[in-house]
Amino acid sequence: MIKTMTAFTFEIDDPDAAAAEILEQIDIAGLRENSLGVLTCYTDFIDSGAVRTICAALPFDVIGMTTAGLATPAAAGEMALGILVLTSDDTDFIVGAAKITGKDVDEPVGEAYAEASAKHPVRPAVALAFVPYIHDLGGEIIAISLDKASGGIPIFGSLAIDSSVNFSLNRSVYNGEDSENMLVFALLYGDLRPSFFITSFAEDKIQKQRGVVTKSQDNILMEVNNLPVLDYLQSIGIGKKDSAWEVALFPFVIDCNDGAGSIGRSIYLITKEGHAACGGHIPENATLAVGSIDCPDVLRTTSETLAQILKRKNDGGSCLLMFSCLTRYFALEAHTTAEMDTVRDALADFPGYIFGYSGGEICPVYTEKGRVVNRFHNCTFIACLL
């Protein structure tokens with residue numbers, strides 16, 4: 001069984017004070033044989049040295065990422081740092097990291113996974129993974145590589161994000177070290193039965209009209225119904241020919257027709273060729289619809305998913321990790337803490353959790369036959385109950 005502890009601080013500028021505040025909230029004497037920390041924070045906590053000081057003060061491995069907002073049982077906020085501690089006598093935690101220096105990610109990811117997994121004689125039950133948003137690479141290719149290296153074990157995690165205009169300050173965290181191009185992960189071993197929860201668009205916010213992806217390459221969408229993507233969107237009343245940026249306000253809903261349901265895809269930018277660079281892969285022959293999202297939709301879908309989680313909590317779940325896409329955060333407009341407040345209100349009696357905002361969500365889905373398949377998402381709220 002996993003026992004949880006959480007800690008939270010707003011202290012950015014004084015690393016020693018931040019570490020002291022975190023240590024006051026964690027019962028070090030109460031730690032069990034094996035422990036792991038999952039950290040999310042505003043980027044300034046890295047720049048000030050607070051993350052390094054906090055991790056050095058903790059007697060266990062810590063992995064995590066930067067975020068634009070987070071919540072724990074103690075507090076919630078945007079310019080904050082939070083830690084979820086997992087501690088157990090019958091669950092083992094092994095951490096690893098892979099530096100991504102080019103587009104060929106299979107070799108570094110495979111080597112890092114092999115090195116970490118060789119430290120334990122059995123197959124992991126689940127992996128937690130965090131990676132920065134790398135502008136010329138994206139996140140899905142790294143998630144796919146980790147899925148291949150692990151042989152398809154369930155993987156849950158997030159792309160790091162930040163509050164800068166071009167997301168240039170996002171970082172992953174590995175035992176106090178930060179990086180703009182490093183995948184960090186933890187392998188969890190033991191009798192764990194993780195449950196995964198996903199919600200994205202409300203059904204009434206998805207256009208009924210469907211198109212077929214006729215030309216794409218990885219995360220670059222070129223044609224729908226044999227039309228250039230901007231022409232297709234204009235044909236259904238979205239965007240103008242001379243103002244392509246407007247289409248970024250309308251994310252895609254993609255069905256890969258593999259029995260695993262639909263997934264969200266955000267448009268990160270329009271290339272000079274007029275293609276849509278998206279937050280994840282869009283395969284050819286997939287079915288495409290256009291969705292929209294606003295503040296009431298975000299709060300309703302999050303509340304509905306939290307209600308499902310609380311029903312499963314009675315089965316023995318004691319540890320909860322949650323991430324929500326930055327697109328959903330933007331949809332809140334002036335109500336920037338509304339989703340964080342919704343999480344804290346619903347989980348007032350839950351023993352231990354952490355919630356953060358994400359640049360891309362990594363979470364398994366269940367096929368029609370109940371098989372778990374790893375997927376990379378956008379515009380989505382994801383949760384893992386352990």
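**Ground rules**

I number residues from 1 along each chain as its sequence is written, and side-chain values use heavy atoms, with hydrogens and water left out. Since I'm working on a prediction, local features need pLDDT of at least 70 and side-chain atom pairs count only at pLDDT 80 or more, while totals for chains, interfaces and linings use all residues.

**Entry 1: strand 3**

I started with strand 3, residues 61–66. Helices (H or I, at least four residues) and strands (E, at least two) are DSSP runs, numbered from the N terminus. Is strand 3 enclosed or open? Five of its six residues are buried, so strand 3 is largely enclosed by the rest of the structure. Buried means under 20% relative accessible area, exposed over 50%, and partly exposed in between, with a 1.4 Å probe and protein chains only.

Next I looked up its partners; two strands pair if DSSP finds at least two bridges between them. Strand 2 (residues 34–41) runs parallel to strand 3, with six bridges joining them. There, Cys41 sits opposite Thr66. Strand 10 (residues 172–174) runs antiparallel to strand 3 and is joined to it by three bridges. Gly64 has Val173 of strand 10 as its bridge partner.

**Entry 2: aromatic rings**

Then I went after the rings. Rings of Phe, Tyr and Trp (its six-membered ring) pair if their centres lie within 6.5 Å; planes under 30 degrees apart count as stacked, over 60 as edge-to-face and the rest as tilted. I get nine aromatic pairs by this rule. Phe156 and Phe196 have ring centres 6.4 Å apart and planes at 25 degrees, so they are stacked. Phe156 belongs to strand 9 (residues 155–160) and Phe196 to strand 13 (residues 195–199), so this pair ties together parts 40 residues apart in sequence. Phe156 counts as buried at 1% relative accessibility, and Phe196 is buried too, at 7%.

Phe156 also pairs with Phe323: the two are tilted, 6.0 Å centre to centre with 40 degrees between the planes. Phe323 is in strand 22 (residues 320–325), 167 residues from Phe156. Its relative accessible area is 0%, so Phe323 is buried. Elsewhere I noted one aromatic cluster made of Tyr329, Phe330, Phe355, Tyr357 and Phe381.

**Entry 3: helix 1**

Which residues of helix 1 (residues 15–25) are buried? I found Pro15, Ala18, Ala19 and Ile22. They cover an arc of only 95 degrees around the axis, which puts them on the same side of helix 1. (The arc is that of the directions from the helix axis to the C-beta atoms.) Asp16 and Glu24 are exposed on the face turned away from that buried side. The buried residues pack against strand 1 (2–9), helix 3 (50–57) and strand 6 (81–88), where contact means heavy atoms within 4.5 Å.

**Entry 4: helix 4**

Helix 4 (residues 106–117) got a length check. The expected span is 1.5 Å times one less than the number of residues. For its 12 residues that should be 16 Å, and the end C-alpha atoms are 16 Å apart, which agrees. I listed Val109, Ala112, Tyr113, Ala116 and Ser117 as buried. Their arc is only 120 degrees around the axis, which puts them on the same side of helix 4. Glu107 and Glu115 are exposed on the face turned away from it. The buried residues of helix 4 pack against strand 7 (92–99), helix 5 (140–150) and strand 12 (182–189).
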